[in-house]
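Subject: Structure handover

Hello,

The structure is below, ready for you to open. My notes on what turned up in it follow.

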Amino acid sequence: MKLPYAAKARVERKKIIEYLLSSSHPDGSAKARFFIRFGFSSERWKIFAEALRQHGRAHDVSASIGSRHGTRYSVDGSLKTPDGRNPKVRTVWVLAKRSKSPRLV
């Protein structure tokens with residue numbers, strides 16, 4: 001199964017700049033070190049956002065969990081990176097009830 005409405009997947013600038021690529025974020029700094037090693041940077045955050053959206057479109061959902069607010073989907077697969085090493089990662093998306101646009105969480 002593919003991520004529902006994957007063509008409309010949203011990756012917010014704030015999620016990338018203030019979390020995934022923030023070396024000072026208490027929970028995100030390890031992720032920042034990981035992603036920066038593969039050539040992603042906050043200056044070119046849109047490249048990272050597009051790679052994450054592509055990841056959500058290209059790979060199958062590995063797990064889903066429903067709640068009263070919507071459904072959370074995990075997607076596992078290789079992530080296209082600037083340096084071409086393309087590590088296997090998991091992205092997690094939430095699709096709120098009555099929404100047609102999954103959001104990276």
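The largest cavity is lined by Gly-39, Phe-40, Ser-41, Arg-44, Ile-47 and Pro-82. By class, that lining splits into three nonpolar residues, two polar and one charged. The space inside the largest cavity comes to about 30 Å³. One cavity of 30 Å³ or more is present in the structure. Please bear in mind that this is a predicted model.

The largest pocket has a volume of about 230 Å³. Its lining consists of 13 residues, and Leu-20, Lys-31, Arg-90, Thr-91 and Val-92 are the closest to the centre. Which of them gives the most? S3 does, with four residues. Sorted by class, the lining of the largest pocket holds eight nonpolar residues, one polar and four charged.

Now the helix packing. Two packed helices are described by the angle between their axes and the distance between the axes. For H1 and helix H3 (residues 45-58), the axes come within 10 Å and cross at roughly 110°. Angles of 65 to 115 degrees count as roughly perpendicular, so H1 is roughly perpendicular to H3. On the H1 side, the contact is made by Arg-13, Ile-16, Ile-17 and Leu-20. H3 brings Trp-45, Phe-48, Ala-49 and Leu-52 to the contact. In class terms, seven residues of this contact are nonpolar, none is polar and one is charged. Note that Leu-20 of H1 takes part in the contact with H3 and is also among the residues closest to the centre of the largest pocket.

Last, the sheet. Strands of a sheet pair through backbone hydrogen bonds, either parallel or antiparallel. Here four strands make an open sheet, in the order S1-S2-S3-S4, with antiparallel pairing. Strand S1 (61-66) and strand S4 (103-104) are the edge strands, and each pairs on one side only.

Taking the pairs in turn:

- S1 and strand S2 (residues 70-78) run antiparallel and are joined by five bridges. They form a hairpin, with three residues between the two strands. Ser-64 has Tyr-73 of S2 as its bridge partner. Ala-63 stands opposite Ser-74 in S2.
- S2 pairs with strand S3 (residues 88-96) over nine bridges, again in the antiparallel sense. Asp-76 has Arg-90 of S3 as its bridge partner.

Arg-90 links two parts of these notes. It is the bridge partner of Asp-76, and Arg-90 is also one of the residues closest to the centre of the largest pocket.

Best wishes

Note on methods: Residues are numbered from 1 along each chain as its sequence is written. This is a predicted model: local features need pLDDT of at least 70, side-chain atom pairs count only at pLDDT 80 or more; totals for chains, interfaces and linings use all residues. Side-chain values use heavy atoms; hydrogens and water are left out. Two strands pair if DSSP finds at least two bridges between them. On a 1 Å grid over the protein atoms alone, a cavity is a set of points where a 1.4 Å probe fits but cannot get out, and a pocket is an open set with protein on both sides within 12 Å along at least five of seven lines; lining residues have an atom within 4 Å of a point. Grid points are joined across faces, edges and corners, and a volume is the space filled by probe spheres set on the points. Ala, Val, Leu, Ile, Met, Phe, Trp, Tyr, Cys and Pro count as nonpolar, Asp, Glu, Lys and Arg as charged, and the others, Gly among them, as polar. Axes are lines fitted to C-alpha atoms, for helices over the stretch in contact, and angles run from 0 to 180 degrees between N-to-C directions. Angles under 35 degrees count as roughly parallel, over 145 as roughly antiparallel, 65 to 115 as roughly perpendicular and the rest as oblique. Contact means heavy atoms within 4.5 Å.
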